[in-house]
Amino acid sequence: MSLPVFFEKTQAAVIEATAAGAVLRYDPAWRQDGAAIPLSLTMPLTETEHPPEVVTPWLMNLLPEGEPLRAMTRAIGIAREDVLGLIAQTGRDLAGAFTVGRSRPQESPGFTPIAASADFERIIEELPARPFLVGEDGVSMSLAGAQDKLPLAMRGGDLAIPTGGAASTHILKPDNPRLPGSVQNEALCMVLARRCGLSVADVTTHQAGQRDYLLVTRYDRLVHGEQVSRLHQEDLCQALGRPPAAKYQHNQSGVLGPSLADLFGLLRAHMTARDINRLLDAVIFNIAIGNVDSHAKNYSILLAAAGRAELAPLYDLMSGLDWPNITENHAQDVGGQRRGRHIYGRHWRRMAKETGLAGPGALRRVRQVVERVLGQLPAAASEVAAMPAGAGARLARFEAAIAERARLVLDHAAVEGPAEPDAPADENAAPAASAYA
């Protein structure tokens with residue numbers, strides 16, 4: 001199998017199946033183009049060819065995980081181990097700017113309007129069995145993650161399904177029956193982050209029949225009237241060359257996942273002090289709201305020509321504090337401590353040393369960010385309540401849980417804290433998939 005890789009209408013590379021695995025070869029003209037963008041920091045344009053041990057993890061991170069991946073393989077009859085086969089079927093609207101695979105004969109980019117709320121509700125109900133509407137005529141798209149979601153395009157104020165390789169502009173995330181109020185929870189965390197000065201994707205909520213859904217504006221798309229341009233991005237698992245099973249620092253895959261030192265080290269090697277400060281703010285914010293799922297795939301970077309890179313806006317922010325049976329372990333250690341309610345000043349200082357930051361400055365930033373969280377939380381909750389899907393039944397509970405955790409994080413940052421507590425029973429257990437799956 002040989003799959004071409006396109007940037008808009010220009011072929012940038014080809015991915016070929018070999019006996020050793022998938023190999024990527026850049027097109028010579030693409031490498032010589034001054035405006036060319038690499039597919040990944042792990043696949044620089046300075047090298048013509050990149051081997052399977054680099055290419056395969058990068059491709060795997062373009063696909064869904066867990067039950068959405070299992071449902072996709074059942075729907076299209078391709079084994080989950082056949083990464084190239086899955087990409088061939090779903091690679092014409094992916095995260096980032098590149099598309100994989102040729103258009104089918106007599107097929108051109110287009111959009112299928114969603115005519116009524118009943119159609120929306122039916123599509124949402126079918127997503128668990130047909131992720132990304134696989135099998136639908138002309139539909140070829142994929143997003144990473146273990147949750148149901150659907151890329152859509154805004155056309156003249158209405159949402160439509162992209163077909164024939166057309167670019168999506170938004171991501172629909174339906175309510176999760178296992179996590180009541182998930183739409184309002186994520187909306188609250190995203191709005192709160194924006195109000196605290198963090199760069200985040202824009203979100204709002206809506207209803208389709210009896211279903212609530214979150215609508216996220218894609219930050220890797222630029223819209224000019226009816227024209228949509230793709231921006232290139234990759235998540236930090238891709239940028240670090242790790243497979244999706246290793247997205248948590250501690251995991252059950254046997255492959256060591258990225259630590260905060262790894263994440264900050266990547267930014268220090270390729271980005272600016274501004275990006276490092278933005279990542280620090282994001283880490284503090286995630287601890288303050290109890291977002292235990294801030295793994296390496298939930299951070300991304302935007303890639304541009306000449307090797308320029310910057311931290312992408314935040315996404316997939318949720319608080320796990322108010323739901324039962326959600327792990328209390330965060331995705332990475334903070335100075336050797338994984339539980340937000342046990343993080344004290346010494347842990348923040350240890351984290352600063354491990355990541356090349358100044359301890360006093362990091363602690364000062366903890367206080368500043370968490371004080372903003374507490375100050376902006378009521379207004380953020382009011383903003384979410386005013387969205388089309390309303391407050392739901394649990395918004396006030398989410399607000400209260402975040403306020404309680406943020407006050408605890410703020411108080412604990414000011415003291416050394418007691419001796420390390422005995423590890424709870426699941427302290428060393430890691431979620432096998434998304435904590436919120």
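Predicted model: local features only at pLDDT ≥ 70, side-chain atom pairs only at ≥ 80, totals over all residues.
**Exercise 1. Describe how helix 10 crosses and packs against helix 11.**

The crossing of helix 10 and helix 11 is right-handed, that is, the near helix is turned clockwise from the far one by less than a right angle. The contact (heavy atoms within 4.5 Å) joins G345, W348, R349 and A352 of helix 10 to G359, A362, L363 and V366 of helix 11. Helix 10 covers residues 345-355, and its axis lies 8 Å from that of helix 11 at an angle of about 125 degrees. Axes are lines fitted to C-alpha atoms over the stretch in contact, with angles from 0 to 180 degrees between N-to-C directions.

Residues are numbered from 1 along each chain as its sequence is written, and side-chain values use heavy atoms, without hydrogens and water.

**Exercise 2. Determine how helix 9 is placed against helix 11.**

First, the axes of helix 9 (residues 273-289) and helix 11 (residues 359-385) come within 9 Å and cross at roughly 55 degrees. Helix 9 is therefore oblique to helix 11. Next, the crossing of helix 9 and helix 11 is right-handed. Finally, L280, D281, I284, F285 and A288 of helix 9 meet residues of helix 11, among them R365, V369 and V373.

Technical notes: Helix = DSSP H or I, 4+ residues; strand = E, 2+ residues; numbered from the N terminus. Parallel < 35°, antiparallel > 145°, perpendicular 65-115°, else oblique.
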